[in-house]
Amino acid sequence: MNVVLLGPPGAGKGTQAKRIAREFGLLHISSGDLLREAVRNNTALGKKAKAYMDKGALVPDQLVIAMIRDEIVKAKGTKGFLLDGFPRTIDQAKALKKMLIELRKIISVSVNIDVSDEEILKRLSGRRTCIVCGRPYNVVFNPPLVEGRCDDCGGELVQRDDDTIATIRERLETYKLESQPILDFYKAEGVLADVDGDGDIEKIWKGIKKVLKK
Ligand code: AMP
């Protein structure tokens with residue numbers, strides 16, 4: 001089983017990806033994690049990718065596609081792979097299809113965690129982080145015991161610069177523009193499965209399992 005995981009920022013993709021990989025024995029391929037590792041290890045790829053990542057821009061398709069191909073080849077001994085963060089553009093989706101034909105593989109299902117704009121705004125605008133120890137909180141879902149202070153170290157809780165309502169709306173718009181063609185692509189391929197992403201982690205996980213066990 002080879003899976004593509006799609007969903008907007010704040011959908012809880014990272015958390016669900018780990019669960020899917022564990023439960024179904026899939027190799028978890030996270031493009032963001034792989035790129036960060038390449039930058040840390042100062043590899044040829046890392047050196048090229050760093051400038052784009054620092055700006056928050058997408059790394060050029062050809063670099064990311066080659067990196068993903070290497071990983072997919074490594075999935076030989078597993079029950080399949082789970083792509084997380086890739087494809088991010090329609091060109092990446094098309095390149096993936098071409099590469100999989102060469103490797104004699106297919107995407108079994110593309111899971112789209114579908115979250116309403118209101119829910120994402122609530123989640124991301126409620127995010128706070130301890131300025132001292134980095135522990136994450138959410139004023140709505142996971143508040144600290146004392147408002148504005150970290151339970152662990154008493155440090156001040158601050159909001160990320162890009163977690164304000166105006167910026168979140170902008171990020172959502174960008175995501176929609178980029179992701180809609182990818183959703184359309186997998187729909188046309190007959191492998192798109194929408195999962196309701198409103199609600200808590202357990203509820204979303206149940207929805208994902210239902211789709212993957214079909
Ligand atoms: P993420 O952890 O998925 O938010 O990714 C962190 C950064 O890695 C992004 O801001 C991009 O610069 C880069 N990146 C991750 N995945 C891709 C991708 N599929 N295509 C291009 N750049 C990517």
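Guide: One definition before we start. Ala, Val, Leu, Ile, Met, Phe, Trp, Tyr, Cys and Pro count as nonpolar; Asp, Glu, Lys and Arg count as charged; the others, Gly among them, count as polar. Keep in mind that this is a predicted model.

Visitor: By class, what does the shell around the ligand have?
Guide: The ligand is surrounded by 13 residues. Sorted by class, they are two charged, four polar and seven nonpolar.

Visitor: Which element gives the largest share of that shell?
Guide: The closest residues include Ser31 and Arg36. Helix 2 spans residues 31-40. Four shell residues come from this element, the largest share: helix 2.

Visitor: Which residues of helix 2 are buried, and why do they lie on the same side?
Guide: An α-helix has 3.6 residues a turn, so residues three or four places apart point the same way. In helix 2, the buried residues are Ser31, Leu34, Leu35 and Ala38. They share a side because their arc around the axis is only 95 degrees.

Visitor: How far apart in space are Asp33 and Gly85?
Guide: In sequence, 52 residues separate Asp33 from Gly85. Gly85 is among the residues closest to the ligand. From C-alpha to C-alpha, the distance between Asp33 and Gly85 is 9.2 Å.

Visitor: How much of the ligand's accessible area does the protein cover?
Guide: A backbone N or O atom of Ala57 lies at 2.6 Å, and a polar side-chain atom of Arg36 at 2.9 Å. For Arg88, a side-chain N or O atom is 3.2 Å from a ligand oxygen. On its own the ligand has 480 Å² of accessible area, and the protein covers 80%.

Visitor: Is Gln92 buried or exposed, and which residues does Gln92 touch?
Guide: Gln92 sits in helix 5 (residues 90-102) and is one of the residues closest to the ligand. Its relative accessibility is 3%, so Gln92 counts as buried. Leaving out residues up to four places away in sequence, Gln92 touches Asp61, Val64, Ile65, Phe86 and Pro87.

Conventions
Residues are numbered from 1 along each chain as its sequence is written. This is a predicted model: local features need pLDDT of at least 70, side-chain atom pairs count only at pLDDT 80 or more; totals for chains, interfaces and linings use all residues. Side-chain values use heavy atoms; hydrogens and water are left out. Buried means under 20% relative accessible area, exposed over 50%, partly exposed in between (1.4 Å probe, protein chains only). Helices (H or I, at least four residues) and strands (E, at least two) are DSSP runs, numbered from the N terminus. The arc is that of the directions from the helix axis to the C-beta atoms. A residue is near a molecule or strand if one of its heavy atoms lies within 4 Å of it. A polar contact is a pair of N or O atoms within 3.5 Å; within protein, one must be able to donate a hydrogen and the other to accept it, and residues adjacent in sequence count only if both atoms are side-chain atoms. Accessible areas come from the Shrake-Rupley method with a 1.4 Å probe; for residues, only the protein chains shown count as cover. Contact means heavy atoms within 4.5 Å.
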